[in-house]
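Dear colleague,

I am handing over the structure below, and my notes on it follow directly after. Please read them with the coordinates open beside you.

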Amino acid sequence: MDIRDRIIQETGWEIRESDKAQAAASVRTGKILRIAMIAAAIFFLFSLKTRTVLPYIAGGATVLLAAGYYGHRTVFSGKLRALLTRDCDPDHFLSYYCAVLLSAGRQKKWESHIYNVVQGLFYAGEFEKAEHLLTLFEEECRSMEGDFRHDLAGAFLAHQAGDLPRLQQYAALLGNESQRVRMNAELCDELDEARALPGFLEMETGGQWQELYDAVNKARFYDALPLGQLKKQVYLEKAARGLQDTEKAGMHRNYVREHAGTTFYAKQ
């Protein structure tokens, strides 16, 4: 069984028929653009031997097709991630993501795919499945990026389980690992959150509710995306309840109820 089949089987998520059709169409479009781009590039190289306008035409076509191909990838990836980070809908995210994996061709790097599925499972409340899927990093992705994403996902799972020693271990590793991988804004925010979580958990277990409320309220890494804003409100509600401030707790809880989507926060 290859890694794609293992991800889909161990995730065990029901894939909607509509997602299968949309994923297949998007993947097919990407393949067509890629093949056309390569063909145009080859034609451009051969046309250089001619003293005509063909090289200019072929070169322009190659550039346009390359822009179309990479633009399609960017839009497609952004749309897929938005199901989780903007819509707070891990149910739909996992269905669509598994449909994409079924339709896609061979992949050289699986680090981001495993991480994305683990994230989806985490926010769907399938913590045991998410923990189990982490082993794929150890078996299939022994690389700097694989180690980083493994420990980043592990930190969130350790925090959810209330395992402070494990959380502290992951947070310490992430500092060095992050310097050796390519980071985007979303990963930077997730890294900052993971490194702040040991302090949050210590305050929580120590009953330092005012300190926790203030620290979470000031945390800027939660503010960029709706999913982060949701998590911030969840933590603020917990701290407000610890302070026995029912007015603030109710305000934060109302936000969570309205924006939780299909995340496990809706069931708390």
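Ring pairs join Phe122, Tyr123, Phe127, Phe264 and Tyr265 into a cluster, in what is, please bear in mind, a predicted model. Searching the whole structure turns up ten aromatic pairs. Among them is the pair of Tyr69 and Tyr70, whose ring centres lie 4.9 Å apart with 70 degrees between the planes, an edge-to-face arrangement. As for the two partners, Tyr69 has a relative accessible area of 10% and is buried, whereas Tyr70, at 46%, is partly exposed.

The crossing in which H8 passes H9 is left-handed. On the H8 side, the contact is made by Asp147, Phe148, His150, Asp151, Leu152, Gly154, Ala155, Leu157, Ala158 and His159, and on the H9 side by Arg166, Leu167, Tyr170, Leu173, Leu174 and Glu177. Sorted by class, the contact of H8 with H9 has nine nonpolar, three polar and four charged residues.

Is His159 buried or exposed? With a relative accessibility of 17%, His159 counts as buried, because the cut-off for that class is under 20%. If its neighbours within four places in sequence are left aside, His159 is in contact with Leu167, Leu197, Leu201 and Tyr235. Of these, Leu167 is also listed for H9 in the contact between H8 and H9, and Tyr235 belongs to the H12 side of the contact described next.

The other helix pair is H11 (residues 209-218) and H12 (residues 226-242), whose axes come within 8 Å and cross at roughly 160 degrees, which means that H11 is roughly antiparallel to H12. H11 passes H12 in a left-handed crossing. Trp209, Leu212, Tyr213, Val216 and Asn217 of H11 make the contact with Lys232, Tyr235, Leu236, Lys238, Ala239, Ala240 and Gly242 of H12. By class, the contact of H11 with H12 has eight nonpolar, two polar and two charged residues.

Conventions
Residues numbered from 1 in each chain as written. Predicted model: local features only at pLDDT ≥ 70, side-chain atom pairs only at ≥ 80, totals over all residues. Heavy atoms only, no water. Axes fitted to C-alpha atoms, helices over the stretch in contact; angles between N-to-C directions. Helix = DSSP H or I, 4+ residues; strand = E, 2+ residues; numbered from the N terminus. Parallel < 35°, antiparallel > 145°, perpendicular 65-115°, else oblique. Left-handed = near helix turned anticlockwise from the far one by under 90°. Contact = heavy atoms within 4.5 Å. Nonpolar A, V, L, I, M, F, W, Y, C, P; charged D, E, K, R; others polar. Phe/Tyr/Trp six-rings, centres within 6.5 Å; stacked < 30°, edge-to-face > 60°. Buried < 20%, exposed > 50% of the residue type's maximum accessible area, 1.4 Å probe, protein only.
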